[in-house]
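Hi everyone, thanks for coming. Have a look at the structure on the screen, and I'll walk you through a few of its contacts.

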Amino acid sequence: MRQARFVLWWETLWPAMWPPFGVALVFLAVALFDVLPLLPGWLHGLVLLAFAGTFLGLLLRAIRQVRRHEPRDEAALRRVERDSGLSHHPLTALSDDLAAGQDDPVSRSLWEAHRRRALEAARSLRVGLPDPRMARRDPLGLRAAALLAVFVAVFGTWGSAMPRLERAVTPTIPFLAAEPGRLQVWITPPDYTGRPPILLEPLPEEQQARGEPAELAVPAGSRLLGMVEGGKGQARLDVLDGVKGDFTALGSGGTQRIEMVLEQGSRLRISQGRSILADWPVAVVQDVPPDIAFAGRPETGERGRLRVGYEASDDYGVTAAWLVVRRQDGRQEERNISVELNVPQGQAARGFRLSSWQDLTAHPWAGLPVTLHLVAEDALGQRGESEAQQITLPERQFTHPVARAIIEQRRLLSETPEARRQVAVRLDDISLMPESYGHDLRAYLSLRTARHRLQHQPGQAGIDGAMDLMWHAALRIEEGDLADAEAELERAVQALEEALDRDATAEELQRLVDQLQQATENYLQAMAEQMMRQGAEPMPAEQFAADQVLRPEDMQAMFDQLRDLSQTGAREGARQMLNDLAEMMQNLRMAQPQQMTEEMRQAMQAMEGLQDLSRRQQELMDEGYRRSREGGMAEEENLAGAARQEELRRELGEMMRQLGESMGEIPSSLGDAEQAMREATGSLESNRPGEASGFQGEALEHLREGAQQAMQALSRQMGPGLAQGQSMPGQGQDPLGRRMRQPGPTDDGTVRIPEEMEIRRSHEILDELRRRSGEPQRGPDEREYLHRLLRQF
């Protein structure tokens with residue numbers, strides 16, 4: 001009976017409710033197709049009223065029909081009997097009583113038999129499916145067309161249905177519509193990213209409706225500031241997959257403001273009331289840790305210095321980098337060596353490749369197997385670490401026997417701290433023999449103080465202090481004042497590097513350049529004095545520099561250029577010049593002779609003569625070429641050129657003799673140069689200047705090759721550093737001993753030092769800025785702008 005009542009109710013409800021439901025489907029399809037906003041505001045409103053009136057009227061009529069035809073028990077009973085195929089209403093007999101003959105046995109038996117037949121029939125009761133007969137009521141199938149239209153509209157506007165529905169039910173009627181609020185949104189990335197603030201503009205409505213992919217990359221941690229002026233309702237910010245927040249009112253002027261930090265999200269939406277003011281696709285990009293790696297295997301240089309090449313990158317720039325040294329056996333883990341490395345500033349810090357010379361010979365681990373790691377850090381404190389490199393930490397080789405003895409005791413103290421008393425006794429013995437180390441008072445005081453600390457200062461602090469004093473005493477005995485001068489030079493270089501990194505003022509940079517120049521001069525003077533102590537003849541620092549193909553005017557020009565680069569704001573060029581100076585000092589250390597014999601000095605003079613001979617051969621060839629271009633050379637001029645060429649050939653022969661006596665061998669290229677000069681002389685005497693020019697070019701090339709061969713032979717006698725300390729012009733190095741401008745360990749091609757013309761132009765611009773900033777007739781805004789420009793320099 002309950003099933004039958006539901007079937008009857010549905011057959012009444014569905015035909016009655018279909019008309020209002022169909023009107024609702026038609027409105028939904030029209031709204032999703034975004035047709036209504038295309039109409040004028042008044043017509044849009046009338047269409048909405050027509051849909052609403054029609055829907056409500058049909059809905060009320062359907063309700064009345066359903067109430068009027070509400071199914072009753074009799075109708076449900078008849079529906080069950082009909083669907084079950086029963087005739088004569090057997091179910092009614094089950095609820096009937098015998099009207100007469102209650103006492104008649106025959107009548108009662110007949111009634112009971114009738115009831116049994118009715119019960120038998122009731123065992124197969126069923127209720128069929130509802131049959132509202134819609135095909136007869138809707139012969140055109142309009143209901144299917146409405147459903148199909150809605151299906152197409154929903155899937156055709158997927159992702160933008162809600163904005164379309166909102167536009168469909170909110171007609172724009174001029175005298176009723178509220179003016180939308182004026183929106184301004186700024187996104188300020190974190191300072192460390194170096195990116196400027198972003199002003200967001202609302203996207204066009206059609207672009208919002210299409211749901212386009214993320215277009216704006218925003219660094220995580222960016223600060224959003226939104227301002228809404230005017231409009232009605234509470235403004236709200238919604239960051240998809242992120243956070244939500246309400247704007248706060250500023251006073252009573254109708255202005256609302258919100259400020260928050262964006263950490264995640266994929267879409268930025270700002271609404272006010274029921275209106276969406278703006279909708280932007282964004283991508284909040286998380287900062288990733290930096291990457292750092294070794295640029296090749298660490299190398300050991302002269303005097304035990306360690307050269308480490310490294311390359312690092314980060315999305316917004318590396319702020320710091322370290323070289324971490326650990327013992328391979330894991331001992332003394334808490335006392336790992338951490339050396340700070342140079343890192344460029346600005347855009348260059350996002351990806352760079354540098355090298356650094358580190359002097360770790362003073363550390364007690366020198367000479368022991370260690371593991372090297374590189375660590376880089378970005379502005380957020382995120383760190384990246386390189387793979388390990390296993391090496392033996394370079395140690396300095398001491399030649400003085402007393403210095404070697406001190407270093408041996410220092411290593412014993414480092415490896416076996418329990419031997420401190422034994423080391424103290426040995427230091428006492430060494431210090432009481434001042435004649436063995438030249439009666440050096442500093443070395444004596446250092447040894448006595450180290451002995452006192454080992455005996456009277458317990459713990460690791462006493463051992464550390466003693467080892468430091470022992471190292472300085474050994475250096476003092478080995479090098480004298482040169483060690484102090486070298487330390488002073490390194491401090492001056494480091495101070496200038498730090499000033500360039502922090503964008504110090506031009507006045508501070510000039511002062512530091514002056515200090516560096518003075519430290520360099522002191523170092524060269526100390527090198528010259530060391531040469532005298534080692535048996536070489538006395539000579540001033542300028543002469544020593546000249547022997548290394550480094551003239552005083554070259555040094556002065558280098559420091560003048562360094563001052564100009566610092567003053568004009570070319571900080572990257574100044575850093576490159578500073579790297580060149582460091583390499584030049586390294587070359588001078590490696591080229592320092594222990595003792596120059598008379599043969600070596602004679603060979604050095606011959607080398608200088610070869611340089612001068614190459615210069616004069618170049619001048620003679622250039623002069624002949626210039627005269628031939630001007631209209632040819634007379635026979636007398638050719639004969640004069642032949643005489644000069646013959647004179648050069650004879651001088652070359654004398655130099656070849658000197659080189660043979662001093663080094664025992666003559667470079668083969670010098671013989672080729674002599675033959676080419678002979679041919680050039682013959683061509684000039686035969687009045688063939690064009691042919692002579694070719695022979696002169698060959699002679700110049702052979703001269704340079706021969707000088708290089710002589711330098712290599714001389715370096716084998718004086719030490720490997722000489723080849724790096726000296727070079728012929730045009731052989732890959734300039735007069736300062738630096739590599740020429742080509743990609744390599746010193747110059748990777750990414751930094752170009754400005755030429756003299758560019759520096760002069762920078763000075764002119766700087767002077768013009770100063771002149772304009774002092775003119776009172778200029779406006780305050782312009783003068784403030786000029787002052788800001790001057791602060792950049």
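**Salt bridges and a helix pair**

Let's begin with Arg182, which forms a salt bridge with Glu229, their closest N and O atoms being 3.3 Å apart. By salt bridge I mean a side-chain nitrogen of Lys or Arg within 4 Å of a carboxyl oxygen of Asp or Glu. This pair joins distant parts of the chain: Arg182 sits in strand β1 (residues 182–188) and Glu229 in strand β4 (residues 222–229), 47 residues apart. Strands here are DSSP runs of E with at least two residues, helices are runs of H or I with at least four, and both are numbered from the N terminus.

Before I go on, a word on where this comes from: it is a predicted model, so local features need pLDDT of at least 70 and side-chain atom pairs count only at pLDDT 80 or more, while totals for chains, interfaces and linings use all residues. Residues are numbered from 1 along each chain as its sequence is written, and side-chain values use heavy atoms, leaving out hydrogens and water.

Is Arg182 buried or exposed? Arg182 counts as exposed, at 56% relative accessibility, while Glu229 is partly exposed at 30%. The cut-offs are under 20% relative accessible area for buried, over 50% for exposed, and partly exposed in between, with a 1.4 Å probe and protein chains only.

How many salt bridges does the structure hold? There are 23. Another one pairs Arg257 with Glu259, with 2.7 Å between the closest N and O atoms. Arg257 is partly exposed at 30%, and Glu259 is partly exposed at 38%.

Now over to Arg644 and Glu623, whose side chains meet in a salt bridge at 2.9 Å, N to O. Arg644 belongs to helix α20 (residues 635–663) and Glu623 to helix α19 (residues 598–629), 21 residues apart. Here Glu623 is buried at 17%, whereas Arg644 is partly exposed at 37%. There is also a network of salt bridges linking Asp612, Arg615, Arg616, Glu619 and Glu651.

Last stop: a helix pair. Helix α10 (residues 401–415) packs against helix α11 (residues 420–431) at about 170 degrees, with axes 9 Å apart. The axes are lines fitted to C-alpha atoms over the stretch in contact, and angles run from 0 to 180 degrees between N-to-C directions. So α10 is roughly antiparallel to α11, a label for angles over 145 degrees.

Note on methods
Angles under 35 degrees count as roughly parallel, over 145 as roughly antiparallel, 65 to 115 as roughly perpendicular and the rest as oblique.
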